[in-house]
Amino acid sequence: MAGFSFAEGDWRAGIFGQFKACGVQQMAYVPDAGHASLIKACHADDAIDCTVLTTEEEGVALLAGAELGGQRGVMLMQSSGVGNCVNMFSLLASCRFPFVTLVTMRGEWAEFNPWQVPMGQATQDTFKRFGFIVYRADTGDDAAGMTGSALRLAYDSNCAVAVLLSQRLIGAKTF
Amino acid sequence: MIERREAVGELLKDRPDNLLVVTGLGSPTYDVAAVGDVGRNFYLWGAMGGAASMGLGLAQARPSNRAAVITGDGEMLMGMGSLATIGAKQPENLAILVIDNEAFGETGGQASHTGLTTNLAAVALACGFRKVLTARKHEELAEVRQLLLEEKGPVLAVLKTSASELPRVLPERDGHAIRLRFKQAVAGA
């Protein structure tokens, strides 16, 4: 990997280490400040093909296509994007596609913007209704361990897994 | 006016072994199945708006294969943002064919945007597709086939067809079965 190193103490380094250990080859994302260093790290890695999306549902279909072609992928998004995916999740359920997403949470901890609260509060239930296994990380160590487990569960056992990175972990956005 | 199923048959006749096809739900799935139900076809029966994105993920995973998305105007309209995503990535091995009857054929033939004001080929071009074309006559199919199978992507062709209803040819509907069949076929493609 050239051109990027995580800042001292950035727990996203542990997540990235799991991407590499588990053979992630495609990463799709709608940006979020909470994912910024992880997105940079993936872009700097020649072995990870990064795709920026116009809406999160594209990422569900994109990673399903990647899996058809034999590659492992992960999607990074914010909790507000989970609602954008809902009907596309039926693709995962109908075909039993492996799928992993890391979700930065808004609307749950010292949130400044009330518009983030409805989808943030509905995020976990939305995943559950579509049969996802849902992890919730409150520490950096959790985030790395859960990412590794999610990737193995998905690609070894045909599961859809969401790792929610809590707003308390990420830090509430300030304006 | 181009007759859709006959056209799809000509476009996929003697298809190269390395061609992988993703179909958008509804008539494109029936058309592609009707002209040759092979393992290297992945049929969508839902996930409307996802066909082009799925094609992109597949193309990126299989650079030595050609990936073709064959979909309808309604399905492409729902995933119009994915044309911007594909334009940004410039996959050289991805082609999209939109079978455009200017109507939502599955639901009663209501007029779609492409018969009103939207030009999908122009949208794709504006998103950075390398080449696009819109075909209205049977004689143009050779050019469409060349674009679909050979030219450097991303490319998109719009096939203007009549809105007539054809007999439905229904392939496998179980998504897991379609997926496993496709993956087995790809392993040998």
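Predicted model: local features only at pLDDT ≥ 70, side-chain atom pairs only at ≥ 80, totals over all residues.

Author: A:Ala28 sits in strand β1 of chain A, which covers residues 24-29. Is A:Ala28 buried or exposed? Its relative accessibility is 0%, so A:Ala28 counts as buried. Eleven residues along the chain from A:Ala28 comes A:Ile39, and the C-alpha atoms of the two are 9.3 Å apart.

Now for the helices of chain B. Take α3(B), residues 51-61, and α5(B), residues 80-89: their axes are 9 Å apart, and the two pack at an angle of about 20 degrees. Because angles under 35 degrees count that way, α3(B) is roughly parallel to α5(B). The crossing of α3(B) past α5(B) is left-handed. On the α3(B) side, the residues involved are B:Ala52, B:Ser53, B:Leu56 and B:Gln60, and they meet B:Ser82, B:Thr85, B:Ile86 and B:Lys89 of α5(B). Sorted by class, that contact has three nonpolar residues, four polar ones and one charged one.

A second pair in chain B is α1(B), residues 4-11, with α2(B), residues 27-34; here the axes come within 9 Å and cross at roughly 55 degrees. That angle makes α1(B) oblique to α2(B). This time the crossing is right-handed. From α1(B), the contact uses B:Arg4, B:Arg5 and B:Val8, while α2(B) brings B:Ser27, B:Pro28, B:Tyr30, B:Asp31, B:Val32 and B:Ala34. By class, the contact of α1(B) with α2(B) comes to five nonpolar, one polar and three charged residues.

What about the cysteines? A disulfide is a covalent bond between the sulfur atoms of two cysteines. How many disulfides are there over all chains? The count is zero. A:Cys42, for one, is in no disulfide: the nearest cysteine sulfur belongs to A:Cys50 and is 5.1 Å away, while the cut-off for a disulfide is a sulfur pair within 2.5 Å. With a relative accessibility of 0%, A:Cys42 counts as buried. Over in chain B, B:Cys127 is partly exposed, because its relative accessible area is 23%.

Conventions
Residues numbered from 1 in each chain as written. Chains lettered and ligands numbered in written order. Heavy atoms only, no water. Helix = DSSP H or I, 4+ residues; strand = E, 2+ residues; numbered from the N terminus. Buried < 20%, exposed > 50% of the residue type's maximum accessible area, 1.4 Å probe, protein only. Axes fitted to C-alpha atoms, helices over the stretch in contact; angles between N-to-C directions. Parallel < 35°, antiparallel > 145°, perpendicular 65-115°, else oblique. Left-handed = near helix turned anticlockwise from the far one by under 90°. Contact = heavy atoms within 4.5 Å. Nonpolar A, V, L, I, M, F, W, Y, C, P; charged D, E, K, R; others polar.
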